[in-house]
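Trainee: Could you take me through a protein model, one feature at a time? I would like to learn how each feature is read.

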Amino acid sequence: QSQREPVLTVTGLRRSFGGVQAVDGVEFHVAAGEFVSIIGPNGSGKSTTVNLVSGVLRPDSGTVRVQSTVVRPGRPEAAARAGIARTFQNGRVFGDLSIRENVDVGLQTTVRAALPLRALAGVPVLRWAGLLAELFVALVPLPGVRAERARAAGRIDAELARFGDRLTPRADHATHTLSYANRRRTEIARALIADPVVLLLDEPAAGMNQTETAEIGAQLAELKAQGQTIVLIEHKMTLVRALSDRVIVLDEGRVIAEGSPDQVLDDPRVVEAYLGR
Ligand code: ADP
Ligand code: MG
């Protein structure tokens with residue numbers, strides 16, 4: 001397929017909910033700089049796959065590797081540290097926080113690796129010690145910390161600028177006051193600012209109108225041109241066709257087809273999986 005090294009390798013991934021086998025032995029890999037789309041009918045296991053890969057859910061079996069490192073299963077912070085960033089199908093932002101603060105949350109996941117004390121915040125019993133450390137770092141005017149915050153502000157501005165004038169003029173508005181599309185853009189900015197090895201997007205264009213969909217398509221094309229490795233889950237086939245190097249089709253928790261967009265999207269089995277329900 002690709003001569004480039006895989007940066008994400010998923011093997012034997014399984015997860016059931018009660019009697020429902022949501023993900024049933026999913027395997028795939030994504031090469032550095034590759035744009036891979038995962039498609040499939042509703043309920044075929046796409047979101048569950050993203051949840052397993054990003055550590056939001058624990059798999060019954062299977063492994064997720066980033067480069068050569070096996071990511072500790074069921075631990076979102078371990079996945080984040082390994083370089084996996086994701087957005088949620090329904091869009092998740094902290095409504096009371098501003099755009100800037102939401103994006104800053106994404107930045108903290110990377111700062112955390114450089115500042116071991118802050119990692120304490122992730123351990124339930126040590127949570128208060130971690131928060132105190134966080135407070136100390138925020139309040140004590142160490143020159144290094146100030147410089148770091150200034151750099152962070154610059155990076156946040158640059159990330160917001162990616163979305164033209166959609167986010168920048170509203171950077172300090174609480175996100176619950178924003179349009180749906182702007183909340184979704186904020187979530188993408190939050191995922192991107194961690195400079196992830198792999199960016200997983202779960203239906204970023206869902207609920208967006210045609211103009212907004214075209215705009216998000218252009219932004220994804222730009223990210224791809226910049227070499228960002230991307231896994232896109234999407235129902236809008238115009239986006240999938242235009243952007244994907246490779247398309248993976250799920251049905252009933254299994255990969256039923258894989259290949260270039262042209263190979264896959266016209267495959268009768270794929271068409272049938274979509275139309276069959
Ligand atoms: P897709 O994203 O492809 O639409 P999902 O991964 O959301 O599919 O769901 C796959 C299957 O797993 C569906 O049958 C769904 O109802 C079930 N499922 C997903 N998440 C849960 C959950 N948290 N609890 C119970 N069942 C779930
Ligand atoms: Mg889904």
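Mentor: Let us begin with one residue: Thr186 counts as buried because 31 C-beta neighbours lie inside 10 Å. A residue is called buried if 20 or more other C-beta atoms, placed from the backbone, lie within 10 Å of its own, exposed if 12 or fewer do, and partly exposed in between. This is a predicted model, in which local features need pLDDT of at least 70 and side-chain atom pairs count only at pLDDT 80 or more, whereas totals for chains, interfaces and linings use all residues. Residues are numbered from 1 along each chain as its sequence is written, while chains are lettered from A and ligands numbered from 1 in the order in which they are written.

Trainee: Which residues is Thr186 in contact with, leaving aside its neighbours within four places in sequence?

Mentor: Two residues are in contact if their C-beta atoms, placed from the backbone, lie within 7 Å. By that rule, and with those neighbours set aside, Thr186 touches Val93, Ile99, Asn102, Val103, Leu167 and Thr175. Ile99 is 87 residues away from Thr186 in sequence, yet their C-alpha atoms are 6.1 Å apart in space.

Trainee: In which helix is the place of Thr186, and how is a helix's length checked?

Mentor: Helices (H or I, at least four residues) and strands (E, at least two) are DSSP runs, numbered from the N terminus. Thr186 belongs to helix α7. Buried residues of α7 include Arg184, Glu187 and Ile188.

Trainee: What order do the strands of the open sheet have?

Mentor: Strands of a sheet pair through backbone hydrogen bonds, either parallel or antiparallel. Two strands pair here if DSSP finds at least two bridges between them. The six strands of the open sheet follow the order β6-β7-β8-β3-β9-β10, with mixed pairing. At the edges are β6 (84-87) and β10 (254-259), each of which pairs on one side only. Within the sheet, β3 (35-39) and β8 (229-233) run parallel and are joined by four bridges; Ile38 has Ile233 of β8 as its bridge partner.

Trainee: How many helices and strands are there in the protein, and what percentage of its residues count as buried?

Mentor: The protein has 11 helices and 10 strands, and 38% of its 277 residues count as buried.
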